[in-house]
Structures are given as C-alpha cells and as structure tokens.
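Good morning, and thank you for coming.

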Amino acid sequence: MKTLTQSQLVKRAEKKHAFGQMVKIAMARFVDRPMSKRPKILQQNRKLKLWDGGKYLIRGLSMAPGKTSGHNVCHFMGECFASCIGYFNGWQNMGSTRAAEIARTRYAMEYPQDFRAQLDRELGLLCASAKRKKLIPLVRPNVFSDVNFAIPDFDNHTPDELSTLITDWQDCQFFDYTKHLDRIRYWLKNGMPSNYHVTLSHSENLPWQTANAWLSRGHNISVVYDALYNSRLGRYGDLPTSHRYAGQWRDVVNGDVHDMRIPQYDGHGNLVGLRFKSNGQSAAKSHPTSAFYVKLTTDSDLFRYGGQS
C-alpha cells in the first residue's frame, strides 16, 4: 500500500472537510427553508432524457447509492457498487452532485414527513403539467437507490411515509429497477400495483427459480453484459439478440436506447440488455473478476446475435 506524505494527508483532510461543508449547505437548503423555496426533489437528468417517446413527462428521484449517505438505500447491493454509475461515472463524480444526493437522501430518511409533503406537492404539479400537455406523468423514484416506495409496513428500514407513495398516487405511472429479492417474492405472491413497473436486476445473488418465476409472469430482467460502451468516442459493442438465461432462450432488448423501463417499450418476459459502463474502459480491464456483469462469448448455445439461429 502506498504511504502518503504529510502534505498529502493534509490535502485529503481539507478536501474531506470541504465536502462535509458542501453536504451541510445542501442539507440546510432543505430543512431551513420554506417548502416553496427548497430544491426540487424530482428532477430530470440525461438518463431520463434519452428518449420519452413523445408521450410522457418524466422525472426521477436521485438519492446517494449504497451507504454513501450514512443510510443504506440499497439493501441487496452486491458487486454492483464497485462500478455504480450513480457514484463513479460522469457528473456523479462531481462533489456538488454527490453532496446534493447525500442531502436528498438524509432529508428523506431523517425528515420523512417533510420529504413526503414536498414530494406530494411536486407530484401534484407534475400531474397537472402533464394533463395540460396531454402527456402521461412517469416517475422513477429510484434512479440510483432501491428504496421501498410501494409496500406499506414491509420492512423496518423504510419510513412509513415513503412506503405508501406509489399506492397513494394512482394517477401517476412509476417504474424502477430492483435487486430487492424480498420485494420480488412479495409481488410474486401478492401481485403488483397497476401503476408500477419493476425490472428485476440480474445479480450474483439471484436464484434461477426466482428469475424464471418473474419472467413467466411477464416481467423483465435487466442484464449487464461486458459489451464495450464508450459514448465519448461513439463506440459500442454488440449486444446479443437472445440469451439462454435460466435454462430458457429469452429475447434481449437494447436497454441503452432509453431508460424507460415500461412494458410498452420493453415488452413482457424479456431480458433488458445493458452494456457495462466504466468511463469508456472495458469491463475486463476495469473490473476483471466482477460477477456484476455477464461475459459475452461466441458460444451459440448461450448467445445469439442478429439473425443467427
């Protein structure tokens, strides 16, 4: 391990202190201001702007992933965090962005009544705007997190005010990814809210039986492949068009075209293929031993490309 000099240690401490101050300032903007003057909770970012089909008014809630805020908002987090695009890529590397997401997460977890009141206010405005524009309001409440917004009284780490959000807002459509297997098993047994579309994320901890049950109900599973993704140079590796997954051939839809994980665009019972994203580096180079992604091969017993049969 590299030994830091005294000056390097001092600079690191100063940087950490400065970031702590940024978080405090961002937090104060939520808790020390009147509701109408607080920063917006629901936002639109590049991922949500990729494509809206001309039918939707889209917003998302970006929290700080994993345990980076001091609150765990990804309870089934696995090896995905080592390459989380919500923390390590693009704008998420900026201190101001991270500080804002940490403050937003602490606001939700430490002041849930105020957070929910503001969220209700913003959803009301979103729905009214969508109605005027003859669009469908569509919200992704977990852009970088995996919080329970849909099952009341389900766990002891989600404030009650948050867990009823989706069932309380029937006039709004919601979509998410999740790795939370307990929620998946609950929905397999009890069904899902009609206004909530959830894509299960493949992981090293996903049992094949659960995967097959989810797909057989017409829901989708996202799979990260080690295909090249370099948006700066416009270089993208091929995704398979079908994949023998959990013992059955499944169609693969390109999930990088847009971020709207709803059946109107992804279909039913499909795999949503995503290229591994690591600032232009290949998966093999940046995370050579990770179980987060699926390694592509030319083996026709596992993957098919284009018109291959």
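Predicted model: local features only at pLDDT ≥ 70, side-chain atom pairs only at ≥ 80, totals over all residues.

Ser 201 has Ser 222 in E6 as its bridge partner. The two strands concerned, E5 and E6 (residues 221-225), pair in the parallel sense over two bridges. Strands count as paired if DSSP finds at least two bridges between them. Helices (H or I, at least four residues) and strands (E, at least two) are DSSP runs, numbered from the N terminus.

Residues are numbered from 1 along each chain as its sequence is written, and side-chain values use heavy atoms, with hydrogens and water left out.

One of the pairs is Tyr 177 with Thr 199 in E5. How is the unit made by E4, helix H7 and E5 handed? E4, H7 (residues 181-190) and E5 form a right-handed β-α-β unit; right-handed means that, with the strands pointing away from the viewer, the path from the first strand over the helix to the second runs clockwise.

Strand E4 (residues 173-178) is mostly covered, with five of its six residues buried. Buried means under 20% relative accessible area, exposed over 50%, and partly exposed in between, with a 1.4 Å probe and protein chains only. E4 is also joined to strand E3 (residues 136-140) by two bridges, and these run parallel. There, Leu 138 stands opposite Gln 173 in E4.

Now the whole sheet. In what order do the 10 strands of the open sheet lie? The order is E1-E2-E3-E4-E5-E6-E11-E10-E9-E12, and the pairing is mixed. Strand E1 (42-43) and strand E12 (303-304) are the edge strands, each pairing on one side only.

Towards the E12 end, we meet antiparallel pairs. E9 and E12 pair in the antiparallel sense over two bridges, and His 243 has Phe 303 in E12 as its bridge partner. Strand E9 (residues 242-245) is also joined to E10 by four bridges, again antiparallel, with Ser 242 opposite Asp 251 in E10. E9 and E10 form a hairpin with two residues between them, and Ala 246 in the turn has a positive phi of about 55°.

Is His 258 buried or exposed? His 258 counts as buried because its relative accessibility is 6%. Its side chain reaches the backbone nitrogen of Met 260 at 3.0 Å.

Let us turn to a helix. H4 (residues 112-133) has 22 residues and reaches 31 Å from its first C-alpha to its last, close to the 32 Å expected at 1.5 Å a residue; the expected span is 1.5 Å times one less than the number of residues. Its buried residues include Phe 115, Leu 119, Leu 123 and Leu 126. An α-helix has 3.6 residues a turn, so residues three or four places apart point the same way. Just after H4, Lys 134 takes a positive phi of about 60°.

Finally, the chain overall: its secondary structure comes to 10 helices and 12 strands, and 47% of its 309 residues count as buried.

Definitions and conventions
Polar contact = N/O pair within 3.5 Å; in protein donor to acceptor, adjacent residues only side chain to side chain.
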